[in-house]
Amino acid sequence: MKTSITEMLNIEHPVIQGGMQRVSTAELVAAVANAGALGFLSALTQPTPALLAKEIERTRSMTDKPFGVNLTILPTLTPPPYEEYAQVIIDAGIKVVETAGRSPAPFMPMFNAAGIKVIHKCTSIRHAKKAQAVGCAAVTIDGFEAAGHPGEDDIPSLILVPRAVDELDIPVIACGGFSDGRGLAAALALGADAVSMGTRFLCTQEARVHQNLKDKLVGATELDTQLIFRKFKNTARVFKNSISMEVAAIESREGSEFDDVAPLVSGQRGGELLESGDMEHGIWWAGMSSGLVYDVPTIDELVTRIVSDAESIIKNRLMSIVG
């Protein structure tokens, strides 16, 4: 399959593994690259810029194919040294960066000067148009089905992706609800040039998370995610467990504030969950595509299957309908 994204990023398949905090490490990203897709390291998973430089080198020791780095820019009281992380990315010769959260505009001069293509994750058309205006090479459109922060508009991928294609002049990558060849074929039909997946890559042999988490995904249905933080205008989609349900219950109380749920949703607890396998210890991110996860393949098996199934759908099922 050749699309503007595969050509732009010099990859074999229009399949992308989005950056995931604490999950997108060298082992996962290198396996994605070796499968002919594009993976993104998570910059802020590394506690310091120097450690990010080492993680990039570790990834390069496992693959000679392209990969990128995700830099998520969030408002915090004590922000990490974003410019230092960006400089490490530049110095390492990375050629594609995935940004998320706030606008990448402050970093665009640095990245442009280094010849880096920036792909910004957006949850609305207005944000996608702003990303195009500041010089992003492409956008990833997160539909309401996506894990993480799907925005406040509740527009699913079936509507949001073609709306973005209609409004933009740069390539669109579809994210939110995609997990298999049917999803890839559908995204291409909607006008997207690739799919980006997080939840599906989480349930692979190379993902360095506890087996209990993978077992939960295999056993999940489309009903097993929970929206939290909606009251605080920072909606997040996580896997439904006792903690996320408790958070939702606290939010529903009149007068409740974020401080009331903060101890339950701390990043430390989430990190401990990924390692310990205690699936009720904290919250963990998962999209509605959990309901379409049926096994724990290698990444090479997964990517090969997705592309093969999409090609079969396009060449056989769809052609037979119009033939």
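1. In this predicted model, a search of the whole structure finds 11 salt bridges.

2. Within helix α3 (residues 49–60), R58 and E55 stand three residues apart, about one turn of the helix. Their side chains form a salt bridge with an N to O distance of 3.0 Å. E55 is buried, at 7% relative accessibility, whereas R58 is partly exposed, at 30%.

3. A salt bridge also pairs D153 with R126, with 3.2 Å between the closest N and O atoms. Because D153 sits in the loop between β6 (138–142) and α7 (157–167) while R126 belongs to helix α6 (residues 125–133), the pair ties together parts that are 27 residues apart in sequence. R126 is exposed, with a relative accessible area of 54%; D153, at 35%, is partly exposed.

4. R230 and D154 meet through their side chains in a salt bridge of 2.6 Å, N to O. This pair links distant parts of the chain, 76 residues apart: R230 is in the loop between β9 (225–228) and β10 (236–239), and D154 is in the loop between β6 and α7. R230 is partly exposed at 31%, and D154 is partly exposed at 30%. Elsewhere, salt bridges with shared partners join E27, E55, R58 and R208 into one network.

5. E83, in helix α4 (residues 82–91), is exposed, with a relative accessible area of 55%. Leaving aside residues up to four places away in sequence, E83 touches F107 and M110.

6. I314, L318, M319, I321 and V322 make a nonpolar surface patch of about 470 Å². Of these residues, M319 is found in helix α14 (residues 299–322).

How values were computed
Residues are numbered from 1 along each chain as its sequence is written. This is a predicted model: local features need pLDDT of at least 70, side-chain atom pairs count only at pLDDT 80 or more; totals for chains, interfaces and linings use all residues. Side-chain values use heavy atoms; hydrogens and water are left out. Helices (H or I, at least four residues) and strands (E, at least two) are DSSP runs, numbered from the N terminus. Buried means under 20% relative accessible area, exposed over 50%, partly exposed in between (1.4 Å probe, protein chains only). Contact means heavy atoms within 4.5 Å. Patches are made of residues with over 30% relative accessible area and no salt bridge: like charges are joined within 9 Å, nonpolar side chains (Val, Leu, Ile, Met, Phe, Trp, Tyr) within 5 Å. Accessible areas come from the Shrake-Rupley method with a 1.4 Å probe; for residues, only the protein chains shown count as cover. A salt bridge is a side-chain nitrogen of Lys or Arg within 4 Å of a carboxyl oxygen of Asp or Glu.
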